[in-house]
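Here is a short report on a pocket, ring pairs and salt bridges. Have the sequence and the structure open as you read.

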Amino acid sequence: MQKGDERLGTAPIRSLVVSMALPAVMAQLINVLYNIVDRIYIGHISGYGDLALTGVGVTFPIIMLITAFSAFAGMGGAPLASIELGKKNYEDAEKILGNSAGMLVLFSVFLTIGFLVFKVPVLYAFGASDQTIVYADSYISIYLIGTIFVQFAVGLNTFISGQGKAKTAMLSVLIGAVLNILLDPLFIFGFQMGVRGAAFATILSQAVSAAWVVGFLTSSKSVIRLRLRNMRLKVGVIRQIGSLGISPFIMQSTESLVSITLNSGLQRYGGDLYVGTMSIMTSIMQMIVIPMQGIAQGVQPIISYNYGAGSRKRVKEAFLWMLVICFIGDFLLAGIAVWKPEFYASVFTNNKELIALTSQVMPVYFLGITIFGLQMSCQSTFLALGQAKVSLFIALLRKVLLLIPLAIILPHFMGVMGVYVAEPVADFISVTTTCILFAVTFQKVLNDLEKNDTISVDRKENSI
């Protein structure tokens with residue numbers, strides 16, 4: 001039972017980072033295909049592809065909010081479970097897993113009912129127009145039916161990678177993504193269902209992924225098991241999960257708030273064509289950031305496990321590897337968007353006017369993302385170490401305290417370009433602040449870890 005997770009504390013860090021990060025990156029890239037593939041197919045629907053693409057883009061805040069709740073339970077619970085595994089507290093790790101699953105069930109019920117009731121006014125608030133609301137409504141109405149599948153597929157999969165089984169976690173995503181890619185053209189074009197077909201393909205694929213994840217976590221192959229008795233919510237466990245999960249929740253849920261602010265500003269100062277650029281750039285942003293998130297997600301269990309085991313050296317080494325890989329990878333991928341924007345833009349639409357406008361604004365919008373790998377590494381490490389307060393502040397800083405106010409203020413002075421300029425300004429300030437905070441906090445955590453390790457060694461010697 002213990003062999004799988006013990007590898008996190010004994011295998012060489014370099015090979016461990018590679019073996020954990022590569023499957024996690026693949027899983028993240030595959031996962032983003034759910035929305036990316038939908039948008040590529042939708043954008044090429046004959047006659048109304050551009051309006052449909054813009055309409056589906058307006059639903060992005062709702063989708064991100066649903067994912068944010070899965071992150072609250074999953075990314076809040078998985079690092080805690082990994083720390084308990086490092087301490088060999090398997091029973092406590094299973095309680096965390098069970099309570100996370102119970103929270104996901106509750107979230108699914110409330111989110112499905114709430115958005116189905118208020119979807120039309122919400123979509124208008126998110127930037128839909130009279131021309132695009134029909135497509136936005138058609139897509140999200142079907143997508144919401146599969147909320148429970150999304151919650152389980154995304155939220156519980158972190159507990160698979162958290163026990164050192166990154167390849168299994170990748171496979172759970174791969175199964176759904178391949179199915180989605182196969183079903184999309186069949187439902188959209190073959191059955192002539194348009195955007196409704198894209199939504200059906202997505203929720204069916206997520207259902208298969210969810211079944212795979214639950215099946216694995218309830219099997220003997222899992223180091224920690226998902227048990228019905230542990231799904232009974234306990235205040236103490238929920239408080240632990242929530243204190244750490246609030247940070248990834250804010251990071252993802254504020255994507256919805258950011259999308260609302262940006263889309264509304266673009267609609268007000270530009271129009272549907274400008275909102276269309278944001279639909280494309282949001283997808284491209286995912287293509288750039290998701291691989292880095294995969295690396296961070298893959299390394300996070302290594303840091304959490306060794307922190308729980310009291311290994312200062314391995315914690316530091318794992319972080320440094322993650323920092324270097326994330327920075328270089330992010331810089332290269334974002335650099336393409338800055339220097340060759342038309343390369344990305346032409347993938348999503350045939351509309352020459354939309355391609356031209358997207359290529360014009362993309363270098364400005366993505367400039368700050370070129371160094372965002374630094375913040376992502378620091379943010380992930382804070383989560384891995386259970387540093388809830390600092391992680392929460394960083395999550396609030398970039399989007400809530402900087403990006404949203406800037407996106408509202410700058411257009412008054414710069415017109416529609418102010419909406420795009422807000423992103424790099426917020427990125428540069430946020431990355432700088434995060435790096436300074438991390439330099440101070442990380443050293444303190446390592447010193448405390450070394451001190452605790454010394455105390456435990458002294459106690460063992462005295463007992464002998």
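A residue counts as buried when its relative accessible area is under 20%. The model is predicted. In it, E94 has a relative accessible area of 8%, so E94 is buried. R227 comes to 28% and is partly exposed.

E94 and R227 form a salt bridge, with 2.9 Å between the closest N and O atoms. The pair links distant parts of the chain, 133 residues apart. E94 sits in helix α5, while R227 sits in the loop between α10 (195-217) and α11.

## Other salt bridges

The whole structure holds five salt bridges. One of them joins K119 to D137, the closest N and O atoms being 3.2 Å apart. K119 is buried at 18% relative accessible area. D137, at 21%, counts as partly exposed.

D427 and R398 also meet through their side chains, at 2.7 Å from N to O. D427 belongs to helix α19 (residues 417-463) and R398 to helix α17 (residues 388-409), so the bridge ties together parts 29 residues apart in sequence. Both D427 and R398 are buried.

## Aromatic pairs

The count of aromatic pairs is 15. Take F72 and F107: their ring centres are 5.9 Å apart and their planes stand at 75 degrees. Planes over 60 degrees apart count as edge-to-face, so this pair is edge-to-face.

F72 lies in helix α4 and F107 in helix α5, so the pair ties together parts 35 residues apart in sequence. F72 and F107 are both buried. Ring pairs also build a cluster of F69, F72, F107 and F249.

## The second largest pocket

Helix α11 gives the most to the lining, with four residues. By type, the lining has six nonpolar, three polar and four charged residues.

Conventions:
Residues are numbered from 1 along each chain as its sequence is written. This is a predicted model: local features need pLDDT of at least 70, side-chain atom pairs count only at pLDDT 80 or more; totals for chains, interfaces and linings use all residues. Side-chain values use heavy atoms; hydrogens and water are left out. Helices (H or I, at least four residues) and strands (E, at least two) are DSSP runs, numbered from the N terminus. Ala, Val, Leu, Ile, Met, Phe, Trp, Tyr, Cys and Pro count as nonpolar, Asp, Glu, Lys and Arg as charged, and the others, Gly among them, as polar. Rings of Phe, Tyr and Trp (its six-membered ring) pair if their centres lie within 6.5 Å; planes under 30 degrees apart count as stacked, over 60 as edge-to-face and the rest as tilted. Buried means under 20% relative accessible area, exposed over 50%, partly exposed in between (1.4 Å probe, protein chains only). A salt bridge is a side-chain nitrogen of Lys or Arg within 4 Å of a carboxyl oxygen of Asp or Glu.
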